[in-house]
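Please look through the model below before reading on.

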Amino acid sequence: MLKNFVKAVPPEEEELKKELHEQRDALAAYQMKIKEAKLPVMVIFEGWGAAGKGSTVGKVIKNIDPRFFRVIPMAPPTATDKRYPFLYRYLLEIPEAGKFTFFDTYWMEEVTNGVLSGEYDEETYKRRINSINTAERSLHDNGYLIVKFFFQISRKEQKKRLDALAADKDTSWRVSDRDLLQNRNYKKTMDVFDRYLEDTNRSVAPWYIIDAKDRKWAELQVLRFLNQSIDTALKNKALAAPILQNIFPLEPIPKLADIELKGKEIPEITYKEELKRLQKELGELHNKLYRRKIPVIIAYEGWDAAGKGGNIKRITEALDPRGYEVHPIASPEPHEKARHFLWRFWTRLPKDGHIAVFDRTWYGRVMVERLEGFCSENDWQRAYNEMNEFEKELSDWGAVIIKFWVQIDNQTQLERFTDRQNTPEKQWKITDEDWRNRDKWPQYEEAVNEMLQKTNTSFAPWHILESVDKKYARIKALHIVIDAIKKACDEK
């Protein structure tokens with residue numbers, strides 16, 4: 001893209017000033033429109049050191065309401081950042097619906113620096129590109145506008161600017177070793193930039209190359225492309241995103257009606273002995289996975305009153321409290337609802353070596369949200385693939401993903417609901433919503449069966465916990481967690 005870049009001819013000075021004024025006013029007007037339409041806008045500035053990204057951001061935001069945008073300068077990843085998935089620190093910063101976020105560099109800089117420094121081999125580079133393209137497509141499909149600018153200047157122009165900055169004691173700090181290295185190795189760096197731009201130039205998030213030699217002309221180019229992009233996104237907002245075909249290997253799994261619940265019991269004395277033995281083993285494994293920096297994600301779904309809480313308790317009793325966190329997932333808060341539906345789960349991921357336990361999960365999208373009308377049919381139909389992509393990203397990071405469906409029959413649920421309602425110290429566990437959901441048992445069963453069939457991947461399989469006897473389900477869960485962690489430690 002850079003090698004074939006043809007510079008556009010800028011307008012004459014007076015015409016340029018006039019159009020700049022018009023485009024600034026247009027952006028201010030569009031800001032109100034994106035607020036009304038609840039359109040989240042990500043504007044990403046990349047380019048050569050000293051190309052003028054920062055100063056252009058400052059000019060672009062000058063005439064819009066500061067209550068509805070943020071400017072995020074993405075620094076190189078810290079040691080703590082590197083303990084999370086690659087996408088983690090970037091997705092944390094995505095804007096809420098109806099707001100802008102302007103990024104002074106985003107994930108391009110980390111990837112290209114990784115290639116130039118030799119930290120990334122070819123396989124790592126390709127994996128990062130796939131992660132970025134997948135993330136940008138998913139953001140687009142969930143209503144985000146992504147506008148990406150690359151600021152292009154010649155080697156001679158960059159050298160001139162770097163020398164000028166270095167000569168002034170008040171600006172010399174802005175010249176980094178990386179900027180100087182870029183200029184010394186301009187051709188090699190441009191080859192890496194060019195490949196990245198080609199590999200991530202997609203219709204859902206295209207690149208706009210900005211001729212950045214003249215700063216006013218650079219600002220006008222940015223405003224033109226940004227305003228055009230917002231106008232197109234507002235016109236397309238009502239259109240449904242395509243539902244993509246699943247590309248991940250799926251494993252067969254029985255339907256709920258075919259799961260045998262009878263005979264899945266354990267004697268009390270056996271339960272106590274096994275619980276003690278397995279919890280001891282899990283505690284020892286927790287130390288091992290911490291030392292080997294293996295993240296573990298345990299996700300619980302199941303019928304109301306199936307015994308998820310007690311099951312989680314028997315697992316966490318065995319763990320070092322400094323190395324795990326349990327996330328009870330309820331309805332999304334307003335700031336969560338205003339973002340991509342997976343955002344609130346990205347924000348709760350564990351560091352490597354730690355364990356995150358989710359009491360209810362991202363699968364609410366294809367169960368509660370689907371059946372209660374909290375999202376569109378297109379939203380939940382797309383979500384199967386988006387959740388598989390999410391879990392694949394975590395698996396490629398090295399996470400052990402264990403997903404439990406806690407299964408009981410209709411009669412057992414009724415008995416437990418009745419017991420909760422009639423026992424004062426248990427009444428807090430039962431709500432009117434639980435009874436309403438129970439009335440929709442057939443619809444939920446259909447939704448769960450579809451969920452299990454479409455998301456039972458080889459890298460994040462579902463495990464059914466037969467929980468008419470809660471003790472049986474607890475022991476089974478401990479066995480599954482221990483086996484999964486053992487396998488990961490052996491492979492590590």
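Residues 24 or more positions apart account for 82% of the contacts in the protein chain with a separation of 6 or more, where contact means heavy atoms within 4.5 Å. This is a predicted model, in which local features need pLDDT of at least 70 and side-chain atom pairs count only at pLDDT 80 or more, while totals for chains, interfaces and linings use all residues. Residues are numbered from 1 along each chain as its sequence is written, and side-chain values use heavy atoms, with hydrogens and water left out.

The protein chain has 19 helices and ten strands; these are DSSP runs, with helices being H or I of at least four residues and strands E of at least two, numbered from the N terminus. Along the principal axes, the C-alpha atoms fill a box of roughly 85 × 45 × 40 Å. Of the 492 residues, 53% count as buried, meaning under 20% relative accessible area with a 1.4 Å probe and protein chains only, whereas exposed is over 50% and partly exposed is in between. The chain exposes about 23,700 Å², and 50% of that comes from carbon and sulfur atoms; the areas come from the Shrake-Rupley method with a 1.4 Å probe, and for residues only the protein chains shown count as cover.

Next come the spaces. On a 1 Å grid over the protein atoms alone, a cavity is a set of points where a 1.4 Å probe fits but cannot get out, and a pocket is an open set with protein on both sides within 12 Å along at least five of seven lines; lining residues have an atom within 4 Å of a point. Grid points are joined across faces, edges and corners, and a volume is the space filled by probe spheres set on the points.

The whole structure holds one cavity of 30 Å³ or more, and about 40 Å³ of space lies in the largest cavity. Its lining consists of R137, D141, P242, I243, L244, Q381, R382, N385 and E386. Helix 15 provides the largest share of this lining, four residues. By class, the lining has three nonpolar, two polar and four charged residues; Ala, Val, Leu, Ile, Met, Phe, Trp, Tyr, Cys and Pro count as nonpolar, Asp, Glu, Lys and Arg as charged, and the others, Gly among them, as polar.

The second largest pocket has a volume of about 1,100 Å³. It is lined by 49 residues, of which S395, D396, W397, G398 and A399 lie nearest its centre. Elements that each supply at least two lining residues include helix 15 (377–397) and strand 9 (400–407), but helix 19 gives the most, with six. The lining has 22 nonpolar, ten polar and 17 charged residues.

Is E301 buried or exposed? E301, found in strand 6 (residues 296–302), counts as buried because its relative accessibility is 1%. Its side chain makes a polar contact with the side chain of R360 at 3.2 Å; such a contact is a pair of N or O atoms within 3.5 Å, and within protein one must be able to donate a hydrogen and the other to accept it, with residues adjacent in sequence counting only if both atoms are side-chain atoms. Not counting residues up to four places away in sequence, E301 also touches several others, among them Y363, F404 and W462.

T171 lies in the loop between helix 6 (155–167) and helix 7 (177–184). T171 counts as buried because its relative accessibility is 17%. Beyond residues up to four places away in sequence, T171 touches A164 and L165. The backbone oxygen of L165 is 2.8 Å from a polar atom of the T171 side chain.
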